[in-house]
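Trainee: I am new to this structure. Could you take me through it step by step?
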Amino acid sequence: MTFRQFAYHNVIRNARVYAAFLLASIFSILVFFVYSMLMFHPKIEDQFLQNIAFGGMFTAQVILIIFTVFFLFYSMSAFLQARSQEFGVLLNLGMDNRQLNRMIFLETMILGFISTTVGIFFGFAFSKFFFMIIREMFLLDSLPLYLSWKPFVLTIFVFLSLFVIISFSSSVFIRKKNIVQLLKGFGRQNEQEAYSKRRAMLGILLLIAAYSLVILSLFQLKVYMSFIIIVLALVGTYLFYTDSVLYLLGIIRKRKNLYWRSFRLIAFAEGSIKIRENARMFFIVTVVSTIAFLSVGVVTSFTSFTAQYREMNPVSIFYSSNWDNPFEEEHVMKLSQELQQEGLSYELVKFTVKKQTSSSLRKEVNLIKESEVNSLAVALKIPLIDLQNGEAMIIPNTLEDYEGIRTEEEQTVLEESNIPIQIKGAYDQVIFPSLVIKDNSLIISDEDYELITEPLYGYGLRESSMTFYAFHVSEWLRTKDVGTDLDRVMTQSMGTSDVNPNSFYISNPGLNYSIIRATFSLLLFTGLLVAAVLLLAAGSFVYFKLYTDLERDKKQYDVLRRMGVTDRELVKIVNRQLIPQFFLPWGLAMVHSTFSFMYLQAFWVDLAAVSIVMEMLLVLVAFTIIQVSYFFLIRWRYITHIQ
Amino acid sequence: MSILTLEEITKVYEGKVAHLAINQLSFEVEKGEFLAVMGPSGSGKTTLLNLISTIDRPTSGDLTINGLNPLQLKSNDLSLFRRRQLGFVFQDFNLLPALTVEENMILPLTLDEQPVNVMKQKVKRIAEQLDLTSILEKRPFEISGGQAQRTAIGRALIHEPSIILADEPTGNLDSKATRDVLELLSNVNKRSNTTIIMVTHDPIAASYCDRVLFIKDGEYFNEIYKDDRRQTFFQRILNVLSLLGGNVNDLSTIRLS
């Protein structure tokens, strides 16, 4: 048997120990590879999509790698620790440290090689499926499978170097011990579950502070608060696991009336040791689950957002043109043609808007004809308006503005043509984009409209008017390919400012919506995949921990059984030990994500208008079902082993 | 009055090679007796102890403990039976590492859901008796082997069982701790009239008992009763052991104190 064969057999014959670990790392590599496939996809030409694909995938990959490093390092050192007796024997037989390191290195590389190969194989096999999902999300025509060396090289390079680093750093742990210590094994119980009361209090205080800040932010929002809250919550969660839980258990353990009851004695004592040992893992699992809950929550709420979005942007395509726009007819023709090409039926309402100066506002106002608004209202199936002569209504910028001005009454005169009008409240629909309305648009009766004959001071008649075109398309979600060139001209010249240097303005909610939707779906999808990898990793770790402690636990349960613990009671004891391990991080993650969601609602006003209770409940129920079934699976394996 | 009766107990381990561990073994133990069971390695001592502990069932034969036949009990009742009637002391102590000395001792009482004051009283009394009062709050890894075994004995005594079963209780202890533990067991046996059955390799340990039962290859070999002086009893035990004809290795180091 050569040295290499020895290392190989060590891995292959311990397959049961490594199974969960391999599964988790294979899945992590699979996801990483699929992300790289999308990142390097040659067919994605769209600049915007390329940014999302590259940026999104890159971020997801970085997160994935950070957590994979944690997971690998943690697992490998636990593996080596569990095998310390074996290493002691080998060193005792005369193996030198260099050889031991070489053996550990070889074994780790075998594991790395297996998981990278299998991960890439399945990753390539699933790429097509992944591309299909992406294609559906972005409504692309085709996103074919391709073959390029880039994703392969990236994945192999990243993960093999990861495994090399891990194999070196994790064996440091073994090298520090001498043979006798190794032979005895690491008595895992031989440390007090030490906690400091100060750190325990600090942990609880930080969590309370973070939650209170969230509630405060509901009333008064400051952007820098989010950083403070995140830091407070992270540190608080960490201290909560390392100290606070133990402190709370310690308080209970001091009260013998509570503590000295049948199984509590064992459950609490064992529980605090397990929590102390796994504090860091619990911390990671909590953070990951919070992110997972949150991203799923945000995206599921998106279905409600669709309806809301429609209400805020009732006109499917809106085009407005100033007097100096030479392309007006050309553009409108183009939009109609494009709509016809897409096979979409539409109704077009044209508005001729006149400009005058209002005496009370002392500025220019847009005046829109009642009958034109009504013909749009008929198309949109919203209530019609009926204005008397001399009456006017304000068109609100947004629905929130409407609440403020709905009862406003004001007397004003359109100065150039000298027409007195009485403003009577506001129109209860947001029909035009706010950029065009600019707080100064009024609807007036047709008779008053006809009376406006004088141009704005210092302008000609032609210069004091503009035109709106409102296309109503009932299948508004499908308009994303209409007017894309105009939209691009506009977004490029405007940037992020709200000053429009062009002589025209176009808004296509279908296109905007499709961008928002695709971004969200991608966020959800990548977030879910990363969360799945991490939850699997955490699960593999729990499995491994149980497996290495099995011998010791078996002995303990044997003693208990001799002392007269029935099988039913044994299951109860196991339950009391496993339940906190599974549901403590999960429960805290639930609380965290509830608060994060509250914060997010405060942060993003659009979201606040959406009721997401149902969606959030669904997500929580789904996660609960997964977690509970996982718990029963592990418990079943564990109980068959100890009986 | 006998508290434990074995009649023609036979235990066969099934498997690829069937193995006869105990063969038609019969004996009785009187209430308040301190019995040692000796025999070479593989003679079936541990199997015998497991059978008496009711965690293993004999292939044939009858077993009576305190007037009850555990073989007729259901597994649930059997657990309750063990919980109230039996106490255990092991070679490697088997204290639960997560619990303190005090908590380890009250464990059988909590399983039986006794009131907290009763537990406090009992643990106080036992701790004084075993000289553990000063280390009650310590954890098992912080105390010496002798202290650990005394704690284990405390755990076996606290619920006042009819029989204490000890499996090589001195196997992991140095000579001083061995003597302490044996004197303690002997005291407990005399003072509270508790029946003790102890499996051991060590002739010194056996010399503290009232009677030594020798088994070989799962069968009854011989038994001797103690006489006035421990020294001569010890010598007679050695004689039987050499007669037993195991290998020299089976006899553990003889320490003449």
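Predicted model: local features only at pLDDT ≥ 70, side-chain atom pairs only at ≥ 80, totals over all residues.

Trainee: How many residues does the contact take from chain B and from chain A?

Mentor: Chain B gives 24 residues and chain A gives 23 residues; a contact means C-beta atoms, placed from the backbone, within 7 Å.

Trainee: Which elements of chain B give two or more residues to that side?

Mentor: They are helix H2 (75-85), helix H3 (101-111) and helix H4 (116-130) of chain B. Helices here are DSSP runs of H or I with at least four residues, and strands are E runs of at least two, numbered from the N terminus.

Trainee: Now the cores. How many residues has the largest nonpolar core?

Mentor: It has 170 residues, and Ala36(B) is one of those with the most contacts inside it. Such a core is a set of buried Ala, Val, Leu, Ile, Met, Phe, Trp, Tyr and Cys residues joined through C-beta atoms within 7 Å; buried means 20 or more other C-beta atoms within 10 Å of the residue's own, all placed from the backbone.

Trainee: Which helix gives the most to this core?

Mentor: Helix H11 (residues 264-300) of chain A does, with 17 residues.

Trainee: And which residues are buried in helix H14 of chain A?

Mentor: Glu370(A), Val373(A), Leu376(A) and Ala379(A) are buried there. Just after H14(A), Lys381(A) has a positive phi of about 60°.

Methods: Residues numbered from 1 in each chain as written. Chains lettered and ligands numbered in written order. Contact = placed C-beta atoms within 7 Å. Buried ≥ 20, exposed ≤ 12 C-beta atoms within 10 Å, placed from the backbone.
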